[in-house]
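Here is a briefing on one protein chain. The notes after the display are grouped by topic.

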Amino acid sequence: MSLASAAAGQLSRDEVARRISPPLVVGEKPADTPAWPISSELTPDAGPVGWVFESSDLAPIPGFEGTPYNLLIQIDSTGKLIDVELLRQHEPVFLSGLGEAPLHAFLAQYAGLNLSQSITVSTAYSDRGSARRDDPNRVVLDGVTKATASVRIANQTVLTAALAVARAQLGFAGPAQQTPPAEVREALFEVRSFAQLLADGAIAKLRLSRADVDALFAGTDGAGLDSSGEAPDALVTELYVAYLNAPTIGRAILGDAGYTHLHDFLEPGQHAWWVASAGPDAFIDARFVRGTAPERLGMKQHGTPFELRDFDIAPAPPPGAPPLNAALVLRTSPLSGLDPAAEQLFELSFTRQRGQILPQRFYGNATLAYTPPAAYFRLPPTPLPEWLIAWRERAVELSIIGIALLVLSVALARPRWLSVSARRLRSFRLGFLAFTLVYIGWIAQGQLSIVQITGAIKTLAAEHGLTSFLYDPVSLLIMAFTLLSFFMWGRGTFCGWLCPFGALQEFAALLGARLGLKARKLPPRLAYALDRGRYVILLVLVVSAALAPAMASRLVEVEPFKTAITVGFDRAWPFVLYALALLALGAVYYKFFCRYLCPLGAAMVIGGKLRLLDWLPRRAECGQPCQSCRHRCAYDAIDRKGTIRYQDCFQCLDCVGIYHDAARCAPLLLYRRKGRRIVLASAPTTSTGTPS
């Protein structure tokens, strides 16, 4: 099957050829595989001696920030990894925390490994003793402290991309491109005993006698090294495997409570198995550390090794099971792509050694083939586009945010009831801003950023489409709502209500007031200069995105959004110090960054020119002579004539509340004292009109 539908990589053939030393030469990519063949000038008719390819063409697995690694991977004709080179990565822990040196060191470990081996990543707590280091069938790579998730994604990227080429060009087992995995029938449940599950194959069993284990070492130097003296038919071990995601199996093995606990903690796309052993030999020993991978057990599917890690629960022996000497619940990574309905090969390794001081070790693997009954699964329909899958997977977040946007729309469209009570408005505003900061920002990662504008410019300059925006549904929903709000209310809807960093600044101002810090205002000339400076920053970023994309990637750090919201201050100290300094300024000078530095805010002001309505009510007395709203406006968005400058307004609704409140509006107070009434405007006018 063709693999050529993946996105194009970043290197040309000439750039790749410069990395390959003579007498090796780089050929043209075949039509069905996005990989360059490597041949030798010494044997020009022998065909490719290896392949080199970019991982982004074959395994665009999202990283921590949603951006895939791009690695240049080279394998030989036997499936041995020659080199793994880092081309591009966007992992925050490496970009501005640890630096790339630990990642380069991690990737250097792949040289010399073979795709037929089980390659996993260690943790700080795993046992990586010499018994595993010289096992030719199992390799445990040194991980990177504080970057466990990032290097596991890198490992899955290397294996997925390399195995795709190996299957397509080297004849490795399994299809070159797997169909979507089967799905567990969650509603299917039957009460089944251990014996019944064992009989129908829902639980797989491998029984190994002494003769069976001896056969694993036949023809090797490890043959005849067993000194147990047991009879050939003596039991060594019985290995049991059961797929726990299926309710019938999971409840029979773990019980209802245990299955519910497992189900609640498994992530989408993650799989779990019950693995147990009986007899004299256990598949784990006293050195095993909970939460790590059992060193004697591996699993493959279609030739792809999958790392199994302990779920860190101690399952009780299920009713009807034989006496067990060990039992674990093991799970894969959510990114594994394993098909639970297809055959899974569990490999149990045995070790023999010769000598005491410098022992020579020999290894043999026994394989248990396990395919859960097909009745527990349903084949998925034709795969949806990946962007649509992203929307479906975030349906809960989108629904919650959609309801919040509807509530905000009602509040802005009919603000009188909400704003006429200062206490009611304050409670609503602070509650909504807390939702924006915590849920939209930190949880749903919906912080809009100037990076989305510069990224769109880079993409268009490269003559690519903007379909990548579809993969971030939360941000796209907020973008769409913000664009619509430009026509109704101007720029302030996003900046005043939906910007997580803006909300964080507002809370910083409240904290400053609680601490007794006096709110200050910049000198008018300086405030004016800084306000205009936002547009200069925006212009520089737009031009650099079009003409110097690498420079734009650095300049966008003028925004603290990534530091404060996207990675929750988990960055190198200069970035954190910069973000905290801006928040400290915001505690004294109200929303300092929003009003004077934010390039996204400058773009929002330009978009706000699309506003069709002067929707904030004004009357003839506003500014002539009444200055009450102007003095109370924390954003300085009302001029001396009482006119609201919508390009500066953050739509806090304070002036709307004053306008409708007979106890706070000076003209209303004056008319009431004189025994006269004033008609309150209830409908907005066009942008050229003024309500009475």
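**Backbone features and overview**

Pro 23 sits in the loop between α1 (13-17) and β1 (24-26). Helices (H or I, at least four residues) and strands (E, at least two) are DSSP runs, numbered from the N terminus. A cis peptide bond links Pro 22 to Pro 23, with omega at about 10 degrees. This is a predicted model: local features need pLDDT of at least 70, side-chain atom pairs count only at pLDDT 80 or more, and totals for chains, interfaces and linings use all residues. Residues are numbered from 1 along each chain as its sequence is written, and side-chain values use heavy atoms, with hydrogens and water left out.

**Whole chain**

- The secondary structure comes to 26 helices and 20 strands.
- Of the 692 residues in the chain, 48% are buried. Buried means under 20% relative accessible area, exposed over 50%, and partly exposed in between (1.4 Å probe, protein chains only).
- Take the contacts between residues at least 6 apart in sequence: 70% of them join residues at least 24 apart. A contact means heavy atoms within 4.5 Å.
- The chain exposes about 32600 Å², and carbon and sulfur atoms supply 60% of it. Accessible areas come from the Shrake-Rupley method with a 1.4 Å probe; for residues, only the protein chains shown count as cover.

**Positive phi**

- Asp 312 has phi near 65 degrees, a positive value in a residue other than glycine. Asp 312 lies in the loop between β14 (309-310) and β15 (326-331). Asp 312 counts as partly exposed because its relative accessibility is 48%.
- Phe 569 is not a glycine, yet its phi is positive, about 70 degrees. Phe 569 belongs to the loop between α20 and α21. Its relative accessibility is 26%, so Phe 569 counts as partly exposed.

**Helix α11**

- Helix α11 (residues 395-413) has 19 residues, which should span 27 Å at 1.5 Å a residue; the end C-alpha atoms are 26 Å apart, which agrees. The expected span is 1.5 Å times one less than the number of residues.
- Its buried residues are Glu 397, Leu 398, Ile 401, Ala 404, Leu 405, Leu 408, Ser 409, Ala 411 and Leu 412.
- Seen down the axis of α11, these buried residues fall within an arc of 160 degrees, so they line one face of the helix. The arc is that of the directions from the helix axis to the C-beta atoms.
- An α-helix has 3.6 residues a turn, so residues three or four places apart point the same way.
- Turned away from the buried side of α11 is a face with the exposed residues Val 396, Ile 403, Leu 406 and Val 410.

**Helices α17 and α21**

- The 15 residues of α17 reach 21 Å from first C-alpha to last, close to the 21 Å expected at 1.5 Å a residue.
- Buried residues of α17 include Pro 500, Phe 501, Leu 504 and Gln 505. Their cover includes α13 (422-443), α16 (492-498), α20, α21 and α22.
- Helix α21 (residues 573-588) has 16 residues and reaches 23 Å between its end C-alpha atoms, close to the expected 22 Å.
- Val 576, Ala 579, Leu 582, Leu 583, Gly 586, Ala 587 and Val 588 are buried in α21. The buried residues of α21 pack against α17 (500-514), α20 (561-566) and α22 (592-596).

**Gly 657**

- Gly 657 lies in helix α25 (residues 654-660). At 1% relative accessibility, Gly 657 counts as buried.
- Gly 657 and Val 420 are 237 residues apart in sequence, but 4.1 Å apart in space, C-alpha to C-alpha.
- Leaving out residues up to four places away in sequence, Gly 657 touches Ser 419, Val 420 and Arg 664.

**Aromatic rings and charges**

- The structure holds 17 aromatic pairs. Rings of Phe, Tyr and Trp (its six-membered ring) pair if their centres lie within 6.5 Å; planes under 30 degrees apart count as stacked, over 60 as edge-to-face and the rest as tilted.
- The rings of Tyr 589 and Phe 592 have centres 6.4 Å apart and planes at 55 degrees, so the pair is tilted. Tyr 589 is partly exposed at 23% relative accessibility, whereas Phe 592 is buried at 10%.
- Phe 428, Phe 432, Phe 435, Tyr 439 and Trp 497 form one aromatic cluster.
- Arg 429 lies over the face of Trp 497, at 4.6 Å from the ring centre. Lys 29 lies over the face of Trp 36, at 4.1 Å from the ring centre. A charge sits over a ring if NZ of Lys or CZ of Arg is within 6 Å of the ring centre and within 35 degrees of the ring normal.
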